[in-house]
Amino acid sequence: AQPVLLFTRFYGNGVQTTRAVIASLFGLLPRFSSQSVQAASSELPLIGMADLFNRRGYRSAYFYAGSLDFENQAEFFRSHGYAEIHGEDELQQRFGAAARTSWGYHDETLLDYVADWLEDQERQGEAGFATVFTISIHHPWRVPEHYPAAENAVPPTDEYHRFLQTMQYTDHCLGRFITRLEQQGLARRTVFFILADTGTPMGEH
């Protein structure tokens, strides 16, 4: 069995996803200014998780289901240790008109793309560090029509109902992804950092 670490007190610093991403990957408290660090300071000298893995022989790759132009992601992550950057253009080449939200492709499509990338990594015998940024959990909280959404106790007219359904959907996609990795032995050389957009408090805080 592959070792699993569960961080039960992980705290995302920031009220905006792009700021929390930088805090998570670089241990840097967010800068509460008009622009996030990655949008305003792509050349800022930072040492992050990708740098640390690169020093140990891993190949670092960043995966996002939407536009890499958003918040200057492509330039920023390319300048900070990521040898490969994959966004909606690459997913569109592979999956075309697959279901998507207003932000980009759904999680199942993104994770299928990552699993395909892992197959290539496995054939090359190369260790990888993969940062995977999922977005189905972002507003407006819509799941693909083919997904049999689980029931919940919140009225369907309530926005919280949609939020819970996307949480269930994302869990489903992660389970499907992990099952494929286990069945095909694809997780032996790769470390994953999977994060979601976005952690909405929904009044719970």
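A residue is called buried here when its relative accessible area is under 20%, exposed when over 50%, and partly exposed in between, with a 1.4 Å probe and protein chains only. The model is a predicted one, in which local features need pLDDT of at least 70 and side-chain atom pairs count only at pLDDT 80 or more, while totals for chains, interfaces and linings use all residues. Residues are numbered from 1 along each chain as its sequence is written, and side-chain values use heavy atoms, with hydrogens and water left out.

Among the buried residues are Arg19, Ile22 and Phe26. Their cover includes helix 2 (37–40), helix 3 (49–54), helix 4 (73–78), strand 3 (128–134) and strand 4 (190–196). After helix 1 comes Gly27, with a positive phi near 65°.

## Glu122 in helix 6

Glu122 belongs to helix 6 (residues 107–124). Its side chain makes a polar contact of 2.6 Å with the side chain of Arg188, the term standing for a pair of N or O atoms within 3.5 Å, where within protein one must be able to donate a hydrogen and the other to accept it, and residues adjacent in sequence count only if both atoms are side-chain atoms. Beyond its neighbours within four places in sequence, Glu122 is also in contact (heavy atoms within 4.5 Å) with residues including Gly185, Leu186 and Arg189.

Definitions and conventions. Helices (H or I, at least four residues) and strands (E, at least two) are DSSP runs, numbered from the N terminus.
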